[in-house]
Amino acid sequence: MHFKKWIAKLEKLFAALNLSLLSLHFCLFLSWLLIGLKTVLPTMASGDDSPIFEDDESPPYSLEKMTDLVAVWEVALSDGVHKIEFEHGTTSGKRVVYVDGKEEIRKEWMFKLVGKETFCVGASKTKATISIDPVRAFAYEYTLEINGKSLKKYMENRSKTTSTWVLHLDSEDFRVVLEKDTMDVWCNGKKMKTVGEFVDDGTETHFNIGNHDCYIKAVSSGKRKEGIIHSLIVDNREIPEILK
């Protein structure tokens, strides 16, 4: 009742001021809006970031990935060093092979817990095989073969058929590999375009890394056991070879 009387008095006041009833309602709306803002703003300014639903009981989760990782190898090929990872579930028989982080093979259930998995590695599709052999009850041995040879034997043979150099140019690292049997040159995983020429004391295989002139010089060592010696020259500077 008191509120109605207050409204009636305001109507008379606004009438005296030649204001319409619509203007009165608009002013009342603004008054209520200001009162509401005075109530809400202090709460917003307090920085309260509590959840809207306080009884929210969402189940916690973990980002940790559960794996059966049993073996990791690094294989140096002409196009780079490749990382091979193998997961083996000794109860489910699960087998998963990753090459450079990319999944190549996945078998979730295998009744036979031993056996072999074959896949390819690198740009040249080099054949690789992982063998699973029992050692004792519930224990297994994992070996990697590259092109039909044990990893150790393969790397020993490769050291005889390739030369590798690592250099730093223009704030970047480069890995140069020469395949002696084919004279192919690889740099950071890419096969380079080369031009060969004969010189007085041997041969030179020319290529470019960016704006840098490079060539691999091949000369005879004069010794039967050592054979031909290969040297990398970049901008007229010899780069030392990596000893394997």
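A residue is called buried when its relative accessible area is under 20%, exposed when over 50%, and partly exposed in between (1.4 Å probe, protein chains only). The model is a predicted one, in which local features need pLDDT of at least 70 and side-chain atom pairs count only at pLDDT 80 or more, while totals for chains, interfaces and linings use all residues. Residues are numbered from 1 along each chain as its sequence is written, and side-chain values use heavy atoms, with hydrogens and water left out.

The structure has eight of them. The partner of Glu 87 is Lys 94, at 3.4 Å from N to O, and Lys 94 is also buried, with a relative accessible area of 12%.

Another salt bridge joins Lys 107 to Glu 117, with 3.1 Å between the closest N and O atoms. Lys 107 belongs to strand β4 (residues 102-107) and Glu 117 to strand β5 (residues 115-121), so the pair links parts of the chain ten residues apart; strands (E, at least two residues), like helices (H or I, at least four), are DSSP runs numbered from the N terminus. Lys 107 is partly exposed at 33% relative accessibility, whereas Glu 117 is buried at 3%. Shared partners also join Asp 68, Glu 87 and Lys 94 into one salt-bridge network.

Rings of Phe, Tyr and Trp (its six-membered ring) form an aromatic pair if their centres lie within 6.5 Å; planes under 30 degrees apart are stacked, over 60 edge-to-face, and the rest tilted. This rule gives one aromatic pair. Phe 86 lies in strand β2 (residues 80-88) and Tyr 142 in strand β7 (residues 139-146), so the contact ties together parts 56 residues apart in sequence. Both Phe 86 and Tyr 142 are buried.

Strand β10 (residues 172-179) is largely enclosed by the rest of the structure, because six of its eight residues are buried. Strands pair if DSSP finds at least two bridges between them. Strand β9 (residues 162-169) runs antiparallel to β10 and is joined to β10 by eight bridges, with Leu 169 partnering Glu 172. The two form a hairpin with two residues between them, and Asp 170 in the turn has a positive phi of about 50°. β10 also pairs antiparallel with strand β11 (residues 184-187) over four bridges.

Methods. Salt bridge = Lys/Arg side-chain N within 4 Å of Asp/Glu carboxyl O.
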